[in-house]
Amino acid sequence: MDVTDITPELEQLDVDLDQLQEALKPLLGDVGDVSARLPLLDRAKLYVLVSYAIESLLFSSLRLNGVETKNHAIFAELTRVKQYFDKIHKLENPVQEREKTLNTAAAIRFVRSDLSDDKEIKAKLTEQIAKERAKAELLKASNAEKKRPVDDSPAEDAQNGIPKRPKHSGSKKKR
């Protein structure tokens with residue numbers, strides 16, 4: 001068996017670890033100070049990310065030592081931290097409400113035309129269509145009431161008692 005010299009790789013790993021430790025020192029030195037300057041959502045992200053990093057390192061260490069991690073408590077902890085990632089993602093990207101609605105009148109018409117042989121079902125569906133149309137008319141009427149009514153009668157000037165001329169739309173005729 002040929003054994004190669006791994007000393008240069010170990011020295012490079014030592015240098016890389018020292019650089020990583022220096023880069024992470026401001027963050028890991030006092031996470032509370034760093035997080036105090038962040039907004040609430042970013043603070044939550046930071047804490048979850050740090051927790052996940054620590055849990056991942058423990059998980060990797062256990063795997064390297066040959067421990068069965070699927071049944072270990074660290075696996076459940078990693079799953080819990082991943083759930084926090086999902087919660088934060090849902091807060092950042094809320095689910096959009098459905099914009100499309102079902103046109104019940106059209107659906108009833110389709111069913112009625114398909115079942116036109118059965119007179120009882122046809123009568124019930126016709127009644128349902130009439131109800132849906134009445135609902136639509138009520139909705140239109142309630143929306144129309146919310147708008148400001150138009151006064152068709154010429155109003156009188158309160159100061160002079162002189163009626164105002166009604167405004168005409170369209171083009172002016174030349175005389």
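User: Is L17 buried or exposed, or partly exposed?

Analyst: L17 counts as partly exposed, because its relative accessibility is 47%, where buried means under 20% relative accessible area, exposed means over 50%, and partly exposed lies in between, with a 1.4 Å probe and protein chains only. Please keep in mind that this is a predicted model, in which local features need pLDDT of at least 70 and side-chain atom pairs count only at pLDDT 80 or more, while totals for chains, interfaces and linings use all residues. Residues are numbered from 1 along each chain as its sequence is written, and side-chain values use heavy atoms, with hydrogens and water left out.

User: Where does L17 sit, and which patch does it belong to?

Analyst: L17 lies in helix α1, residues 7-29, helices being DSSP runs of H or I with at least four residues and strands runs of E with at least two, numbered from the N terminus. Together with I6, L10, L13, L20 and L24, L17 forms a nonpolar surface patch with about 530 Å² of accessible area. Areas come from the Shrake-Rupley method with a 1.4 Å probe, and for residues only the protein chains shown count as cover. Patch members have over 30% relative accessible area and no salt bridge, with nonpolar side chains (Val, Leu, Ile, Met, Phe, Trp, Tyr) joined within 5 Å and like charges within 9 Å.

User: Which residues gather in a patch of negative charge?

Analyst: D5, E9, E11, D14, D16 and D18 do, on the surface, where Asp and Glu count as negative, Lys and Arg as positive, and His and the chain ends are not counted. The place of a charge is taken as CG of Asp, CD of Glu, NZ of Lys or CZ of Arg. Of these residues, E11 is found in helix α1, and E11 counts as exposed because its relative accessibility is 53%.

User: Switching topic, how many salt bridges are there?

Analyst: The count is 6, taking a salt bridge as a side-chain nitrogen of Lys or Arg within 4 Å of a carboxyl oxygen of Asp or Glu.

User: What links K45 to E92?

Analyst: A salt bridge does, with the closest N and O atoms 2.3 Å apart. This pair links distant parts of the chain, since K45 is in helix α3 and E92 in helix α4 (residues 73-92), 47 residues apart. K45 is partly exposed at 31%, and E92 is likewise partly exposed at 34% relative accessibility.

User: And which network is K45 part of?

Analyst: Salt bridges link D42, K45 and E92 in a network. The K45 and D42 bridge has its closest N and O atoms 3.9 Å apart, and both residues lie in helix α3 (residues 40-64), 3 residues apart, or about one turn of the helix.

User: What about K124 and E120?

Analyst: Their side chains meet in a salt bridge at 3.6 Å, N to O; both residues are exposed, and both lie in helix α6 (residues 119-146), 4 residues apart.

User: How many helices and strands are there overall?

Analyst: The protein has 6 helices and 0 strands, and buried residues make up 11% of its 175 residues.
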